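Q: Can you walk me through this model? I'd like to start with a loop and then move on to strands and helices.

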Amino acid sequence: MTPDNLAAKVDTLISKTEKALAKQATATQVELFDQMSVMLNGLSLKDGLIIQNQANRAILAQANEYFNKAMGDYYASLGAISNTIASLTSENAGYFSTLLDSFTPDAQYIKSLQKQTILQAESLLANEGIELTLKQPIVNILNQNINTGAAYKDLLNQLRTFITGNDQVEGSLLRYSRQITTDTLFNYNRALQEAVSANSGLEWIKYVGGAMDTSRDFCLSRMGNYYHKTEVEKWPNQNWAGKRTGTNSSTIFIYAGGWNCRHQLIYVSEAVVPKQDVLRVSG
């Protein structure tokens, strides 16, 4: 398997998961707004305005219940993340097994990386992440409107825009979960490559991945080229659009071009590196 073959398989696996989770996130957004609407049907109004009374404020206490009713299918769909991580590991194992005699996919450092990534994904896509990016903002919108006696239609419009989006912006869950899914899975694949290289002594990479309309010049200028690790470590000294905060000589191997970067740093044997690249580094 060539680096380009591996990169294509990685992209296909991740794209399939992205599409499935995006479909579920879109459906969940609709269900979430519907559940909030059902809850808010109990509000008492006068001339279209929310009456500021204890009964209306008590409805706020039901937000968590209605929120959870809407999120069940979304939470269930997140199992695809751990399945994809296992598939990415398998594809990389097939690649490294032909490159390194000593490679074993059952190594403890690989299992540890898998576990760490899955736990991080659960935190971002379900627990703390959803609390901060979706539930709490919805509660804030409800509090703001109910406690100030806002127009009922304005409350619904504000909720609808935040939850499901409009012609200008995607819904909050779709936008957030898509970015986290993309970064989690591509970062895992790059982290796996880096972990294997650290345990095997591989020092050369090929920068691979397809060009897209959103590809950064940083990536386009490197695609298809071979680099020694010492060269990659110097890239963070440059500035480019989309560069991720915290990019340094170590994290560049994980973050690559930055947020939503789909390119791969695939390690290779020095034997396949073009002579002019070897000479460039050796002097």
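**Loop, sheet and helix packing**

A: Ala256 sits in the loop between helix H11 (252-255) and E5. Helices here are DSSP runs of H or I with at least four residues, strands are E runs of at least two, and both are numbered from the N terminus. This is a predicted model, in which local features need pLDDT of at least 70, side-chain atom pairs count only at pLDDT 80 or more, and totals for chains, interfaces and linings use all residues. Residues are numbered from 1 along each chain as its sequence is written, and side-chain values use heavy atoms, with hydrogens and water left out.

Q: What is the phi of Ala256?
A: Near 50°, which is a positive value in a residue other than glycine. Most residues other than glycine have a negative phi.

Q: Is Ala256 buried or exposed?
A: Ala256 is buried, with a relative accessible area of 2%. Buried means under 20% relative accessible area, exposed means over 50%, and partly exposed is in between (1.4 Å probe, protein chains only).

Q: And where is Asn260?
A: Asn260 is also in the loop between H11 and E5. Its phi is positive, about 60°, although Asn260 is not a glycine. Asn260 is partly exposed, with a relative accessible area of 39%.

Q: On to the sheet. What is the strand order?
A: E4-E3-E5, in an open sheet of 3 strands with antiparallel pairing. Two strands pair if DSSP finds at least two bridges between them. Strand E4 (226-228) and strand E5 (264-268) are the edge strands, each pairing on one side only. From one strand to the next, the twist averages 35°.

Q: How many bridges join E3 to E5?
A: There are 5 bridges between strand E3 (residues 204-208) and E5. Trp204 has Val268 in E5 as its bridge partner, and Val208 stands opposite Gln264 in E5.

Q: Why is E5 said to be largely enclosed?
A: Because 5 of the 5 residues of E5 are buried. Both faces are covered, with Gln264, Ile266 and Val268 on one side and Leu265 and Tyr267 on the other.

Q: New topic: how do H6 and H7 pack?
A: Helix H6 (residues 128-148) and helix H7 (residues 152-164) pack at an angle of about 170°, with their axes 10 Å apart. Axes are lines fitted to C-alpha atoms, for helices over the stretch in contact, and angles run from 0 to 180 degrees between N-to-C directions. H6 and H7 are therefore roughly antiparallel to each other. Angles under 35 degrees count as roughly parallel, over 145 as roughly antiparallel, 65 to 115 as roughly perpendicular and the rest as oblique.

Q: Which residues make the contact?
A: Among them are Ile138, Ile141 and Leu142 of H6 and Leu155, Leu159 and Phe162 of H7. Contact means heavy atoms within 4.5 Å.

Q: What does Leu142 touch?
A: Leaving aside neighbours within four places in sequence, Leu142 is in contact with Met36, Met39, Leu40, Leu60, Ala63, Asn147, Leu155 and Leu159.

Q: What about H5 and H6?
A: The axes of helix H5 (residues 108-125) and H6 come within 4 Å and cross at roughly 25°. That makes H5 roughly parallel to H6. Ser123, Leu124 and Leu125 in H5 meet Glu128, Gly129 and Ile130 in H6.
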